[in-house]
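Open the model in your viewer and keep the selection panel at hand. The tour goes from one selection to the next and says what is there.

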Amino acid sequence: MSDASARLSAPVPRYADRMREGFAVRALLILLALAFLVLFLFLPLVSVFAEAFKRGFDAYLAAFDDPDAMAAIRLTLIVAAIAVPFNVVVGIAAAWAIAKFDFKGKNLLTSLIDLPFSVSPVIAGLIYVLLFGAQGYFGTWLKAHDIEIIFAVPGIVLATVFVTFPFVARELIPHLQALGKDDEEAALTLGASGWRTFFKITLPNVKWSLLYGVLLCNARAMGEFGAVSVVSGRIRGLTTTIPTQIEILYNEYNGVAAFALASLLAALALITLVLKTFLEWRYADSIAASRHS
Amino acid sequence: MSLVASEVRWRKPSILPGFGLAFGLTLSVMCLIVLIPLAALVIKAASAGPADILAIATSPRTLAALRLSFGAAFIAAIVNAAFGLLIAWILVRYRFPGRRLIDAAVDLPFALPTAVAGIALSAIYAPNGWVGSIAEAHGFKIAYTPTGVLVALIFIGLPFVVRSVQPVLEESEVDIEEAAALLGASRLRTIFRVILPAVAPALLTGFVLAFARAIGEYGSVIFIAGNIPMISEIAPLLIVIRLEQFDYAGAAVVGMLMLLAAFLLIFLINLLQAWSRKRLGDV
């Protein structure tokens, strides 16, 4: 009897306390997470700009007053201008085939599309060197026909296409699958042609996830280092892209110039993140399907 | 006639047009850009012959590079699993100023080119850097050691865990936790017996994704690693060095070992995702 009353009068933790952590625990967890993020994310980002402007604004600008740097910027833009549209077309085709049709081997094809994400960028470069390099399988033939792929722009484009191959398709497939094919079937039944249906119905439906995929594809295309570094030979002013030029400058202890070029890519990354966040926030419903895949 | 019949068996008929074009284009590009070049790697490696393959694969330098790549990737993935879970948790469950900013910033390692991350990390963690100088004062060296490799791999792997766990935490039902609390479970018990088991498949998927990415990582590592053979030389760098020496077979064999690991991990990720779907009950 006394035992039971003692139990009743004992302080029972309130239900609310058992539903969430106390204030001190919450504050501690948040601080711990923030400390980790500062060390591993924010400091690196800040240091890019701090190092770039270490010797002042003029030294920063002087880094771009260099024909090699300008050639690297130009080549990066050219490579992205080829690789991104190419992967947009192929990505849309892949998404159309996979999301709108049922066929055998569909799961295998979907896994294969993601394959370049799982392969080391160095391997992405290596495979093309083995095929088209001077001692590669097609090396002698290419040399006889005076075609340069490795240590030249075509190789850089190929390697970039490889590493950015999955971006567009993997954003579009879940979205197209979630939308179903009723709209397209209605349009076709009403007499629209296949292309008209695609351009008037399908494309507008998925435009935001397409833009999202293009954004990520472009960021990677302009920033790819490992694969490009292997196939390009890093010939100054000829086959250096911004990332490989950064490596050359950094290894020459030209820190300000290296970080000045790096600040361009860091700015691109920040713009990509802002646009990405905006798209996720503004068109959350439209893109939700692809986020939870 | 027989062609039509076989096509019907192969894919379900649909009134939507363009399958042939879309599928044909996808498959051709896939073969030309991805499959044939990867096959060339396997053929090149295999053509070295079993004795040479074994000699290259078991040479001390190859073994040291593979051990570092896999070991550092594994430790980095464990660190990322712990902090990734923590970050996903505070982002989903707590409200604090700057939460949205942090949510967006988690993707930074996806967006920041690896070479930029590499020079930035080595600038900070070098003995004269912001963090490196503090570590140096306490007798630690981070950059130009295997610890530097670890730092770079933690950086690039973080988003994988956060982005795997976050949606699961967002969708997990708070009523289950309420039920546990009403039934008298302490908060700690609820976390370990109710919440963690629910996010376990997603956490493990994030772990494997981070691990897989870290094994092959090159750009962010080579600047901070110091690249001392046998000590801080990662496997992808060894491939690059072999290529620069025109030792194609040596590069191909190391490349094939890494490709093999990548395939095993893809298989594991697919198993994990199937388990995760079964666990969460949505298809």
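**Two domains, then two chains**

Start with chain A, whose domain assignment gives domain 1 (2–52) and domain 2 (57–291). Remember while selecting that this is a predicted model. Colour the two domains separately: the C-alpha centres of domain 1 and domain 2 of chain A lie 40 Å apart.

Next, select the contact between these domains. Domain 1 of chain A brings six residues to it, and domain 2 of chain A brings nine residues. The area buried between the two is about 600 Å², with 84% of it from carbon and sulfur atoms. Now pick A:V48, A:F49 and A:A52, which supply 68% of the area that domain 1 of chain A buries against domain 2 of chain A, more than any other three residues. By class, the side of domain 1 that touches domain 2 in chain A has four nonpolar, one polar and one charged residues. Between these two domains the count of salt bridges is zero.

How many residues does the contact take from chain B and from chain A? It takes 100 residues from chain B and 94 residues from chain A. Chain B and chain A bury about 8400 Å² between them, and carbon and sulfur atoms give 79% of that area.

For the charged pairs, the count between chain B and chain A is four salt bridges. Zoom in on A:K276 and B:D107, whose side chains meet in a salt bridge (2.4 Å, N to O).

Finish on helix α2 (residues 19–46) of chain B, which gives the most to the side of chain B that touches chain A, with 18 residues. That side of chain B divides into 74 nonpolar, 13 polar and 13 charged residues.

Terms used:
Residues are numbered from 1 along each chain as its sequence is written. Chains are lettered from A and ligands numbered from 1 in the order in which they are written. This is a predicted model: local features need pLDDT of at least 70, side-chain atom pairs count only at pLDDT 80 or more; totals for chains, interfaces and linings use all residues. Side-chain values use heavy atoms; hydrogens and water are left out. Contact means heavy atoms within 4.5 Å. Buried area is the accessible area (1.4 Å probe) that two parts lose on being put together, summed over both. Helices (H or I, at least four residues) and strands (E, at least two) are DSSP runs, numbered from the N terminus. Ala, Val, Leu, Ile, Met, Phe, Trp, Tyr, Cys and Pro count as nonpolar, Asp, Glu, Lys and Arg as charged, and the others, Gly among them, as polar. Domain bounds come from an automatic or database domain assignment.
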